[in-house]
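Me: I would like to learn how to read a few features of a structure, one at a time. Could you take me through them?

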Amino acid sequence: MSDCLFCKINNGDISADILYQDDDVTVFKDVSPQAPVHFLVIPKKHITTLNDLESDDEALIGKMMIAAKNAAADLGIAESGFRTTMNCNSDGGQSVYHIHLHVLGGRQMNWPPG
Ligand code: AMP
């Protein structure tokens with residue numbers, strides 16, 4: 001999608017601190033980290049919100065989770081633990097409308113989330 005920020009990161013039009021990339025996903029550091037470790041996992045395919053997922057996306061979502069746990073291990077937060085979050089639409093706190101998995105770690109997370 002031409003006017004999507006995360007599509008532009010996927011295709012290199014906007015730079016990001018990329019941790020991992022393959023044919024299906026890109027993993028990069030969040031520009032405004034909310035924890036000592038905070039990165040995002042996005043699909044190469046433009047999917048606007050979780051509401052737009054289709055059954056064909058099942059494997060892609062799995063790949064996003066595998067990329068998340070691999071990057072968490074690479075960054076040394078696998079054993080201490082981490083939080084994964086996908087925000088959907090306004091009440092969920094979504095601000096970028098291309099689905100993304102937040103991975104946060106390096107500090108104690110609180111529950112319930114704000
Ligand atoms: P959400 O509010 O769940 O949609 O999350 C969007 C996230 O994208 C926020 O945590 C932002 O800090 C992050 N973000 C926005 N622009 C960029 C960018 N250019 N590079 C990296 N992260 C970004």
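**Aromatic rings and the ligand**

Reply: Searching the whole structure gives 1 aromatic pair, where rings of Phe, Tyr and Trp (its six-membered ring) pair if their centres lie within 6.5 Å. This is a predicted model, in which local features need pLDDT of at least 70, side-chain atom pairs count only at pLDDT 80 or more, and totals for chains, interfaces and linings use all residues. Residues are numbered from 1 along each chain as its sequence is written, and side-chain values use heavy atoms, with hydrogens and water left out.

Me: How is an aromatic pair described, and which residues form the pair here?

Reply: A pair of aromatic rings is described by the distance of the centres and the angle of the planes. Planes under 30 degrees apart count as stacked, over 60 as edge-to-face and the rest as tilted. Here Phe-6 and Phe-28 are edge-to-face, with 5.4 Å centre to centre and 80° between the planes. The pair links distant parts of the chain, since Phe-6 is in helix α1 and Phe-28 is in strand β2, 22 residues apart; helices (H or I, at least four residues) and strands (E, at least two) are DSSP runs, numbered from the N terminus.

Me: Which atoms lie 2.8 Å and 3.0 Å from an oxygen atom of the ligand?

Reply: A polar contact is a pair of N or O atoms within 3.5 Å. An N or O atom in the side chain of His-100 is 2.8 Å from an oxygen atom of the ligand, and a polar backbone atom of Gly-93 is 3.0 Å from an oxygen atom of the ligand.

Notes
A polar contact is a pair of N or O atoms within 3.5 Å; within protein, one must be able to donate a hydrogen and the other to accept it, and residues adjacent in sequence count only if both atoms are side-chain atoms.
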